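Colleague: Please show me the chain. I would like to ask what lies behind the words used for it.

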Amino acid sequence: MAVGTAPYVFLIFGTGWIATQIKELLQASGKTAITANARLENREQVLSELATHKPNHVINCAGVRGTPNADWCEDHKVETMRSNVLGVLNLVDCCYLQRIHVTHFGSACIYDREPENLLKLPAYNEDDEPFYAGSWYSRSRLMSEQAIRHYPNLLLLRIRVPIAPDLHPGNLLTRLFKYDKLLSLPHSISVLPNLLPAAILLAENNVTGIYNLTNPTPSSNNEVMELAKKWIRPDLKWENFELQDMLKVLKAPRCNALVDSSKLVAKCKELGYEVKEPKEALEEVFIEMKAKGL
């Protein structure tokens, strides 16, 4: 790995919602955080960025998630593959050749389970082989993880329906607030204000391997909405519908993912950081949103 020198440099690939939050956190703690201009799939550009900035750590948040949702990927298969598979592999490989630690934000949407078994069977952990490829988005994330997971310089963090105290289009809250009908199965969530500092801590300590970057226990859309109603949206109303009803209006199916974050919780505790339960982390989000007038 690259030996730490002054200044301690983080090079961030991606300019979106999560990348912006990470850069703000790094800068607030006095660290040098630089946004790369290279396209992930362009090897010459990536190598040039690494040579120019000489980072101690690379953080990759770039990738295609689909706008307004993952159905976008069904109509843009080539763009999705170039970014999520070719681009990610290229970046990780370039960092490997330059002996640089790289943190990649992947996805936990690579597992699936029948709704009736979500709470009956153990949640998927990092040792369980991922398999879900029912949507083009999940297929690209699955292929990406399979391609890069053996690189010794890699920290791969799987996120799931991220939440933050804002109304960004990528925020689960923003999407839920727009819908009159919701599916409310148990699922894992990533409350970013609690988890992004954990991600940075892992990177700073050169932790490698795969971690489910989710809060420990299952949540559900109903639980999220009830907390939102309590703190910021007292007039919220919604109805629930069944999985089969939801699938009728989507181009591609969605996975029902419950993942185990015990490995993350243990490692963060070892490093002196607490990964909070979803309810506590969510309430902190809504308290902040209320203070912002959101």
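What follows is a set of questions about terms, each answered with a value and its cut-off.

Colleague: What kind of model is this, and how are residues numbered?

Modeller: This is a predicted model, where local features need pLDDT of at least 70, side-chain atom pairs count only at pLDDT 80 or more, and totals for chains, interfaces and linings use all residues. Residues are numbered from 1 along each chain as its sequence is written, and side-chain values use heavy atoms, with hydrogens and water left out.

Colleague: How many helices and strands does the chain have, and what makes a run count as one?

Modeller: The chain has 11 helices and 10 strands. They are DSSP runs, numbered from the N terminus: a helix is H or I over at least four residues, a strand is E over at least two.

Colleague: What share of the chain's contacts joins residues at least 24 apart?

Modeller: The share is 78%, among contacts between residues at least 6 apart in sequence. Contact means heavy atoms within 4.5 Å.

Colleague: Which side chains count as positive or negative, and how many of each are there?

Modeller: Lys and Arg count as positive, Asp and Glu as negative; His and the chain ends are not counted. That gives 33 positive and 34 negative side chains. The centres of the two sets lie 3 Å apart, with each charge placed at NZ of Lys, CZ of Arg, CG of Asp or CD of Glu.

Colleague: Why is H104 called buried?

Modeller: Buried means under 20% relative accessible area, exposed over 50%, and partly exposed in between (1.4 Å probe, protein chains only). H104 has 2% relative accessibility, so H104 counts as buried. Of the 294 residues of the chain, 51% are in the buried class.

Colleague: Where is H104, and what makes its link to N60 a polar contact?

Modeller: H104 sits in strand β4, residues 101-107. The side chains of H104 and N60 are joined at 3.0 Å. A polar contact is a pair of N or O atoms within 3.5 Å; within protein, one must be able to donate a hydrogen and the other to accept it, and residues adjacent in sequence count only if both atoms are side-chain atoms. Beyond four places in sequence, H104 also touches other residues, including V88, R141 and L156.

Colleague: Which side chain does S140 meet in a polar contact, and how do you know that S140 is buried?

Modeller: The partner is the side chain of N84, at 3.0 Å. S140 lies in helix α5, residues 136-148. Its relative accessibility is 0%, so S140 is buried. Leaving out neighbours within four places, S140 contacts T80, M81, N84 and V85.

Colleague: What about C268, buried or exposed?

Modeller: C268 has a relative accessible area of 0%, so C268 is buried. C268 belongs to helix α10. Beyond four places in sequence, C268 touches A198, Y273 and V275.

Colleague: How do you know whether N256 is buried or exposed?

Modeller: N256 has 8% relative accessibility, so N256 counts as buried. N256 is in the loop between α9 (243-247) and α10 (262-270). N256 and L243 are 13 residues apart along the chain, with their C-alpha atoms 9.9 Å apart.

Colleague: What makes the phi of R99 worth a remark?

Modeller: R99 has a positive phi of about 60° although it is not a glycine. Most residues other than glycine have a negative phi. R99 is in the loop between α4 (77-97) and β4. At 56% relative accessibility, R99 counts as exposed.

Colleague: And V161, what is its phi, and why is V161 called buried?

Modeller: V161 has a positive phi of about 35°, and V161 is not a glycine. Its relative accessibility is 16%, so V161 counts as buried. V161 lies in the loop between β5 (154-159) and β6 (162-163).
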